[in-house]
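Hi everyone, thanks for coming. Please have a look at the model on the screen, and I'll talk you through a few parts of it.

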Amino acid sequence: MTGRNDRDIRGDVRSEIREFLSTRRGRISPEQAGLPVYGGARRRVVGLRREEVALLAGISTEYYTRLERGTAIGVSDGVIDGLAHALQLDEAERAHLLDLLRTAGTTRPPRRRPTAERIRPTIQRVLDSMIGTPAFVLSGRLDILAANALGAALFAPVYAGPVRPPNNARFVFLDPQATEFFRAWDQVANDTVALLRAEVGRDPYDRRTSDLIGELSTRSEEFRLRWAAHNVRIHTTGRKLLHHPVVGDLDLPFESFPLASDPTQSLLTYTAEPGSPSHDALALLATWTATTSDLEHR
C-alpha cells in the first residue's frame, strides 16, 4: 500500500462503510426485525432491503442510501442509535461504525502515531513482577511488544518466528504450528480477524497495520475469507485452549486491560483455575523456564 494518499484512504473507508452496512443488513431477515415479508419466494434480497433498514432506523431511504455509500457527514447520535437498533449492532459493531463515519467525514487525516511503539520501563517492571502469571503488552495490530519470562515461554511457538516484534495474527494465519498450538484454532482465527478489522476502523491511516493486512490477504486464503465478512468484536476476556510443546494442554482464562498511557496498547494476562491440571502445567512451565534461564546464564 506504499504511495497511497489520504484521499485514497478516505475512499477505502467509504467502501468499508458500504460493505460493513450491507453485510450487517444481509444477516437479518425481515422476520428477525419484526417486519412483514412481501414477495415471498420472489424476494431476491438476502436480509433487509435498504428501505427496510431506513424504516427501522427512523430515517429516509435516501439518507440511508447516502450513509451506505459513505457520503453522509455529521451523522447525529440519534441516527447512529437508530442504525444500531435496526441492524442489531453490538457494542463493538456500533463503535466500529462510528470510527468509519468519523474518518469518512474528516477533511484531513488525524495525526499519525510515532514510528516506533515503546513500552515504558515501569510497564516492563509490572510484567516482570507478575510471578506465576503469563503477561504481555499487545499493540492494536496484535504485535507482542513486551512479555514477562513466563509469557514468552507460554507463547514460545509465536516467538520462534523470525519477525520482530512477533505478531499474533501473522502466527495464526502463516505459521503451520498455529493449528496445533491453538486447540480451538477456528475461534482464534475469527477473533483475530475481528480485532484487526476493528483496529483498521480506529486508524485506517496506520501504514504498519495496512501492510500487515496486505501480507495476510496475499498469503492466506483463510484470512481473506474471514476478512470479507467484516466482523468486529471487543475481546477483553475469555478462555484460550492451548497445546504447549513442553507441558501439553492448558485451558487458561484471560483478561485484557487497555493501558492508560497508550489506549492502543493492552495488558494481557493468563491465569489458571487453582488446583486444575492447567494450574499444574503452568507451574511446571514456570519451573522449566527458570531452570532453562539458569542454565543459559552459567
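I'll start with the whole chain, then go to the sheet, a few single residues, and a pair of helices.

A word on the ground rules. This is a predicted model, so local features need pLDDT of at least 70 and side-chain atom pairs count only at pLDDT 80 or more, while totals for chains, interfaces and linings use all residues. Residues are numbered from 1 along each chain as its sequence is written, and side-chain values use heavy atoms, with hydrogens and water left out.

Let's take the overall view. The secondary structure comes to 15 helices and five strands. Both kinds of element are DSSP runs numbered from the N terminus: helices are H or I with at least four residues, and strands are E with at least two. The chain has 298 residues, and 46% of them count as buried. Here, buried means under 20% relative accessible area, exposed means over 50%, and partly exposed is in between, with a 1.4 Å probe and protein chains only.

How far apart in sequence are the residues that touch? Among contacts between residues at least 6 apart in sequence, 57% join residues at least 24 apart. Contact means heavy atoms within 4.5 Å.

Now find the sheet. Its five strands form an open sheet in the order β2-β1-β5-β4-β3, with antiparallel pairing. The edges are β2, residues 144-147, and β3, residues 237-244, each of which pairs on one side only. From one strand to the next, the twist averages 30 degrees. Two strands pair if DSSP finds at least two bridges between them. As a reminder, strands of a sheet pair through backbone hydrogen bonds, either parallel or antiparallel.

Let me walk through two of the pairings. Strand β1, residues 135-138, runs antiparallel to β5, residues 262-270, over four bridges. Ala-135 has Thr-269 as its bridge partner in β5, and Leu-138 has Ser-266. On to β4 and β5: these run antiparallel and are joined by six bridges. They form a hairpin with two residues between them, and Phe-254 stands opposite Tyr-270 in β5.

What lies across these strands? Helix α7, residues 121-129, lies across β1, β2, β4 (248-259) and β5, and runs at about 55 degrees to β2. For angles, axes are lines fitted to C-alpha atoms, for helices over the stretch in contact, and the angle runs from 0 to 180 degrees between N-to-C directions.

Stay with Leu-138 for a moment, in strand β1. Is Leu-138 buried or exposed? It is buried, with a relative accessible area of 9%. Leu-138 and Gln-265 are 127 residues apart in sequence, yet their C-alpha atoms are 5.5 Å apart in space. Leaving aside neighbours within four places in sequence, the contacts of Leu-138 include Asp-143, Asn-168 and Leu-268.

Not counting residues up to four places away in sequence, Ser-139 touches Glu-117, Leu-145 and Thr-264. With neighbours within four places set aside, Asp-143 is in contact with Val-137, Leu-138, Pro-165, Pro-166 and Asn-167.

For another loop residue, look at Ala-229, between α14 (221-227) and β3. Ala-229 is partly exposed, with a relative accessible area of 29%. Beyond its neighbours within four places in sequence, Ala-229 is in contact with Thr-23 and Arg-24.

Last stop: two helices. Helix α3, residues 50-57, packs against helix α4, residues 61-68, at an angle of about 110 degrees, with the axes 8 Å apart. That makes α3 roughly perpendicular to α4. The cut-offs are under 35 degrees for roughly parallel, over 145 for roughly antiparallel, 65 to 115 for roughly perpendicular, and oblique for the rest.

Which residues meet there? Arg-50, Glu-51, Val-53 and Ala-54 in α3 meet Thr-61, Tyr-64, Thr-65 and Glu-68 in α4. This contact divides into three nonpolar, two polar and three charged residues. In that grouping, Ala, Val, Leu, Ile, Met, Phe, Trp, Tyr, Cys and Pro count as nonpolar, Asp, Glu, Lys and Arg as charged, and the others, Gly among them, as polar.
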